[in-house]
Amino acid sequence: MTLPCRIHRIRSHIDSLPLALLFAALLLSSSSEAAGAGGGGYVPLEITTGVDLGYDDNVIGSNAAANSNSQSSFFAKENLVLTYNRPGEQTEVRLLAVGRFTQYFDVSTDDKDVNLTASLTHNFTTRLSFYASVYGAYQTEPNFQSNIGPTNVRAPHFDTTDIFSLTYHWLPRLSSVTSYTFERVKYESATTTTTAVGLAQDRYQNTLGESLQFSLTRRTSLTGEYRFEVIDYDTAPRDATIHFALAGVDHHLTEHLSIKLLGGPSFRFFKNDGNTINPYAELKVSYQGSNHSLSWITTYGVEQPSQTLAAGATTLRTGLNLAYDLTSRINLKAGVYYDHEENQAGTTGTVGSTSTGSQDALNFNLSLKYTINKHFALHADYEYTNQSSSGGTSSGGTSGYSRNRYFAGLTYTY
């Protein structure tokens with residue numbers, strides 16, 4: 001068991017944001033050179049800017065004291081989006097960078113949200129391929145799509161998820177995927193609230209994975225996977241190692257509809273608080289039509305808790321995304337995310353035996369876009385958020401909040 005120690009020794013030398021930016025710069029530079037060498041000199045780069053005006057009926061509704069000091073406000077938001085996409089090559093490159101700057105007129109607070117997603121796929125041979133994905137985000141709003149932190153607190157924080165994998169086809173029907181995933185969550189220590197959240201949430205996660213995939217038929221493949229995860233908190237006494245033993249099936253029901261199911265036990269060993277065995281499951285359903293697409297992802301298992309006194313959180317997390325081209329100019333997008341957490345207390349040797357309360361979070365968003373021409377587009381958006389908790393303030397619970405945001409704007413694409 002020397003691996004966790006090595007990871008612990010090198011983690012302080014890893015700065016995720018510069019890593020993400022450097023990775024993106026290398027992608028752009030190498031791809032530009034390749035495009036120039038091909039003779040065309042074409043770089044598939046797209047830049048979109050935009051301005052939104054809107055209304056928020058509960059600007060600080062995701063703070064712990066939401067019900068006592070919630071405020072509404074009109075706001076203005078400037079957006080900058082950079083997209084780079086070069087598919088169909090030996091080395092496929094994709095990049096998406098988004099910057100959003102929001103000014104509230106009636107509340108003395110401004111938001112600066114920036115995120116970067118970059119991916120690279122390189123085929124060394126017909127059998128061996130490499131994949132890398134770097135995601136980094138700095139934002140104030142809570143994250144409803146993943147296990148980042150509490151959904152009832154607005155606090156500046158940085159998170160990153162970086163994936164590196166090698167796929168090798170041993171036989172026509174048998175392949176293996178070796179992967180490494182690095183994750184980091186870090187909250188700013190600007191206020192008492194953010195400092196308290198950071199003390200409970202700041203952490204590193206390192207995961208090694210090995211999976212075997214066997215093509216049973218042209219439509220069905222079987223998967224066996226092992227994961228080893230090390231969780232290292234900056235301050236909170238929740239350091240743990242987790243082993244996953246998973247099996248699953250990936251089946252294409254039709255040409256457009258596919259379903260993927262993966263599940264099995266996870267064995268969690270806490271550094272200071274015993275161990276536990278928990279079920280884990282992933283379900284993904286995808287549909288891709290000619291003018292619409294649908295994706296539904298659900299996970300169930302023990303995640304890192306958002307409450308201060310909890311050792312773990314048994315969580316059901318599900319999300320549904322729909323994109324529909326109503327006409328050649330009108331596009332509709334909708335998404336709904338829901339998660340239910342049962343926070344478990346920890347006592348030596350009996351982790352998870354006592355509940356410290358539950359939390360439910362719901363986020364819904366709807367967007368309608370009208371393309372005027374190849375440069376200009378109009379859009380109108382609506383977002384709804386609802387969060388509720390039980391368990392008392394001693395365990396981090398609150399009475400919850402609800403929030404509505406309405407905004408519309410104009411974008412220009414270069």
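1. A salt bridge is a side-chain nitrogen of Lys or Arg within 4 Å of a carboxyl oxygen of Asp or Glu. E303 and R317 form such a bridge, with the closest N and O atoms 2.7 Å apart. E303 belongs to strand 13 (residues 292–303) and R317 to strand 14 (residues 312–325), so the bridge ties together parts that are 14 residues apart in sequence. Strands here are DSSP runs of E with at least two residues, numbered from the N terminus. E303 and R317 are buried, where buried means under 20% relative accessible area, exposed over 50% and partly exposed in between (1.4 Å probe, protein chains only).

2. The model is predicted: local features need pLDDT of at least 70, side-chain atom pairs count only at pLDDT 80 or more, and totals for chains, interfaces and linings use all residues. Residues are numbered from 1 along each chain as its sequence is written, and side-chain values use heavy atoms, with hydrogens and water left out.

3. The structure holds 13 salt bridges. One of them joins R154 to E141, the closest N and O atoms being 3.0 Å apart. Both partners lie in the loop between strand 5 (128–139) and strand 6 (157–169), 13 residues apart, and the pair is listed as linking distant parts of the chain. R154 and E141 are both buried. Through shared partners, salt bridges join D56, D111, E141, R154, E383, R403 and R405 into one network.

4. Another salt bridge runs between R94 and E92, with the closest N and O atoms 3.6 Å apart. R94 has 37% relative accessibility and counts as partly exposed. E92, at 24%, also counts as partly exposed.

5. On aromatic pairs: rings of Phe, Tyr and Trp (its six-membered ring) pair if their centres lie within 6.5 Å; planes under 30 degrees apart count as stacked, over 60 as edge-to-face and the rest as tilted. By this rule there are 10 aromatic pairs. In one of them, the ring centres of Y55 and F74 are 5.0 Å apart and the planes stand at 55°, so the pair is tilted. Y55 is in strand 1 (residues 45–56) and F74 in strand 2 (residues 73–86), so this pair ties together parts that are 19 residues apart in sequence. Y55 is partly exposed at 29% relative accessibility, and F74 is partly exposed at 48%.

6. F75 and Y104 form a further pair: their ring centres are 5.7 Å apart and their planes at 55°, so the pair is tilted. F75 lies in strand 2 and Y104 in strand 3 (residues 91–104), 29 residues apart, and the pair links distant parts of the chain. Both residues are buried. Ring pairs also bring in F407, giving a cluster of F75, Y104 and F407.

7. A charge sits over a ring if NZ of Lys or CZ of Arg is within 6 Å of the ring centre and within 35 degrees of the ring normal. The charged end of R184 sits over the ring of Y204, 4.0 Å from its centre. The charged end of R238 is placed over the ring of Y233, 5.5 Å from its centre.

8. H379 is in strand 17 (residues 376–390) and is buried, with a relative accessible area of 16%. Its side chain makes a polar contact with the side chain of D52 (2.8 Å). A polar contact is a pair of N or O atoms within 3.5 Å; within protein, one must be able to donate a hydrogen and the other to accept it, and residues adjacent in sequence count only if both atoms are side-chain atoms. Leaving aside neighbours within four places in sequence, H379 is in contact (heavy atoms within 4.5 Å) with residues including D52, L368, K369 and F407.

Definitions and conventions. Helix = DSSP H or I, 4+ residues; strand = E, 2+ residues; numbered from the N terminus.
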